[in-house]
Amino acid sequence: MYEILLYYKYTAIANPDEFCAQQKALCERLGLKGRIIIAQEGLNGTVEGSAENTQKYIDEMIKDPRFADMNFKRSGGTGSAFPKLSVKSRSEIVSAHLGNEDVNPAEVTGKYITPEELNKWIHSDKEFYIIDMRNDYEHSVGFFKNSVLPPLKNFRDLPKILPKLEHLKDKTVVTVCTGGVRCEKASGFLLTQGFKDVYQLHNGI
């Protein structure tokens, strides 16, 4: 039985190149394939392997205090989800290219809201606005009713769509994205741009 792991963590990694080599060796030893991006700001990965070996990967990762509380999303695999293993060092774990406006989610990010809490909000009279931070092609797959759908071709467009969200600065907003990793930075970016009450869906859709 095969399993796919989706995971990320914003945490300081002093030497991304060295950590890349360690991750590559670990995944090769366990026969895992997939994509892992490592930067000084953290780690973002999706890997597939046998259920036994994905568990061994988790066990190994949580031994490191930096990743002890990292959330791993599990889903069924086929053994052929990825053609190979790719472990790379980058400047960011998700390409936002915010430059001088970049945010560190370890320091500033939106408040977490659980799926259960968001469901209660949706079925209540509370005024709030869901901002879908996925790319526009992902919006076509489906979205929460009455969501704000900014025209994001890719995550680098985040500063460009800000004018379309200005009217929500004093409102309660909830950012949502696929796995959660984008919203860590997107919600923090909104806070630095003057948004007052920003939440993010914990661990993504």
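Predicted model: local features only at pLDDT ≥ 70, side-chain atom pairs only at ≥ 80, totals over all residues.
1. S8 covers residues 172-176 and S9 covers residues 197-201, and they run in the parallel sense with 4 bridges between them.

2. Now zoom out to the whole sheet. It is open, built from 4 strands in the order S6-S9-S8-S7, with parallel pairing. On the edges you'll find S6 (111-113) and S7 (129-132), each with pairing on one side only. Going from one strand to the next, the twist averages 35 degrees.

3. Which strands does helix H3 touch as it packs on the sheet? Helix H3 (residues 115-122) touches S6, S7, S8 and S9. Have a look at its direction too: it makes about 80 degrees with that of S6.

4. Helix H5 (residues 181-192) also packs on the sheet, and its contacts take in S6, S7, S8 and S9. Here the helix direction makes about 175 degrees with that of S9.

5. Last, a residue from another part of the chain. Thr11 is in the loop that links strand S1 (2-10) to helix H1 (16-30). Is Thr11 buried or exposed? Its relative accessible area is 16%, and the cut-off for buried is under 20%, so Thr11 counts as buried. If you skip neighbours within four places in sequence, the residues in contact with Thr11 are Gln40, Glu41, Gly42, Arg66 and Phe67.

Conventions
Residues numbered from 1 in each chain as written. Heavy atoms only, no water. Pairing = 2+ DSSP bridges. Helix = DSSP H or I, 4+ residues; strand = E, 2+ residues; numbered from the N terminus. Axes fitted to C-alpha atoms, helices over the stretch in contact; angles between N-to-C directions. Contact = heavy atoms within 4.5 Å. Buried < 20%, exposed > 50% of the residue type's maximum accessible area, 1.4 Å probe, protein only.
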